[in-house]
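Hi there,

Here is the structure I promised to pass on to you. Have a look at it first, and then read my notes below.

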Amino acid sequence: MRAGRERTHYLYPAVVAAVLAGIVVGLAAPDFAVQLKPVGTGFVNLIKMMISPVIFTTIVLGIGSVTKAAKVGRVGGLALGYFLVMSTVALAIGLLVGNIVDPGHGLHLTSALAKAGHAQAATGAAEGTSDFLLGIIPTTLVSALTGGQVLQTLLAALLVGFALQSMGAAGAPVLRGVEHLQKLVFKVLAMIMWAAPVGAFGAIAAVVGATGWAALKSLLMIMLGFYAACAIFVVVVLGLLLRLVAGVNVFALLRYLGREFLLILSTSSSESALPRLIAKMEHLGVSRPVAGITVPAGYSFNLDGTAIYLTMASIFIAQAMDKPMSLGSQISLLLFMVIASKGAAGVTGAGLATLAGGLQSHAPALVDGVGLIVGIDRFMSEARALTNFAGNAVATILIGHWTRELDRDRMTLVLSGRLPFDETTQSPDPAPAIPAQAPAAA
């Protein structure tokens, strides 16, 4: 086991080296680098392949092992209420920073960019409430695991979990089988992670080769402003909330999740780290029901980075098109984006499509301007994904604290580094919360 842990130490430095190599190749041989895009896409698809099995097994085990169904309902209701409040705060920060930075002046909209904006609007066309609700229901129970839809998987897992819970002792053998299946799923995930350096190299090389540095100069202000807004939200808003409510240092949490942030940075998708976040939250001391419900639901309803992006990008586009919005229009946009942001998924490009679809519904005159931001959206998606991930990690700890489903002693051991996460299996530790300690030497 020790040898396995030591081998994993080489994995993430290799990812860093691969990212740097991808940047060099993208700048030195852009035509060749663009052809490497399928390499990065393939790695992300491998990770996404594991998301439904991870969510299903985690939630079934979490709910099936709970004696009272009311606890699950309390966790879900509290989580959704928290998501709504924090999304609104994130949208407001995006509006505030967008107005302060004022990045849109001096840009010009060409006919080609206008066409790009309308193309994104067609991709992100808002769906009706009934379509959204019906889309949560899978075609079959099994298709929920094969369709790759997080909400469909969540629904199927909830139904199976509650069914096993109601079976009592008769459902115990099935729960043991699901537990063995979960170990298998996380083992496969650990094997896939060894391809991370190759995937990171292909993804970074392709985007640098296609975009280059020159294309970013005129849009550097909006990028810096957006990164600053995300940093403010994570460090100040989430950091203060985490410290005041749960007594946890946000920097200790971010350090604990450092490898996941590196994975997200290289793939530009927070979904690539979803299975690891569930495992690490359980390892941190959050109970299975809380981690199993809060994390998957957060990936659909708690996209804080995307919320900041939607309002800040809207302000940027309005300024760039010399159509500045009044305070009333901005507040109206904020309220509209609270709903629109729930339709964005944690995958690359979804934020841009949601932005275009939201503007098409709320401010059609600004849709042409979406083309202005297409060129740097890939780079802004890095900050979106990182912020989304951090927001869901903080949410899971807070929900665990509020529902008294957080082992604080274990969390202290984990965040201090005395109880490290097992990288060889990447599976939540099923051992008792506090391992036996050897007697201190005299």
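Predicted model: local features only at pLDDT ≥ 70, side-chain atom pairs only at ≥ 80, totals over all residues.

The side chains of E260 and R276 meet in a salt bridge, with N and O 2.4 Å apart. Because E260 sits in helix 14 (residues 258–267) and R276 in helix 15, this pair ties together parts that are 16 residues apart in sequence.

E260 has another partner, K280, and their salt bridge spans 3.2 Å from N to O. K280 is buried, as E260 is. Here too helix 14 is joined to helix 15, so parts 20 residues apart in sequence are tied together. Taken together, E260, R276 and K280 form a network of salt bridges.

The count of salt bridges comes to three. One of them links E282 and R288, whose closest N and O atoms are 3.3 Å apart. E282 counts as buried because its relative accessibility is 9%, and the cut-off for buried is under 20%.

Now for the helices. How do helix 15 and helix 16 run relative to each other? Their axes come within 9 Å and cross at roughly 150°, so the two helices are roughly antiparallel. The crossing is right-handed.

I232, V235, V236, L240, L244 and F251 make a nonpolar patch of about 570 Å². Helix 12 (residues 220–246) gives the most to this patch, with five residues. V236 lies in helix 12 and is partly exposed, at 41% relative accessible area.

Happy exploring!

Note on methods
Residues numbered from 1 in each chain as written. Heavy atoms only, no water. Patch = residues over 30% accessible without salt bridge, like charges linked within 9 Å, V, L, I, M, F, W, Y side chains within 5 Å. Areas by Shrake-Rupley, 256 points an atom, 1.4 Å probe, with all protein chains shown as cover. Salt bridge = Lys/Arg side-chain N within 4 Å of Asp/Glu carboxyl O. Helix = DSSP H or I, 4+ residues; strand = E, 2+ residues; numbered from the N terminus. Buried < 20%, exposed > 50% of the residue type's maximum accessible area, 1.4 Å probe, protein only. Axes fitted to C-alpha atoms, helices over the stretch in contact; angles between N-to-C directions. Parallel < 35°, antiparallel > 145°, perpendicular 65-115°, else oblique. Left-handed = near helix turned anticlockwise from the far one by under 90°.
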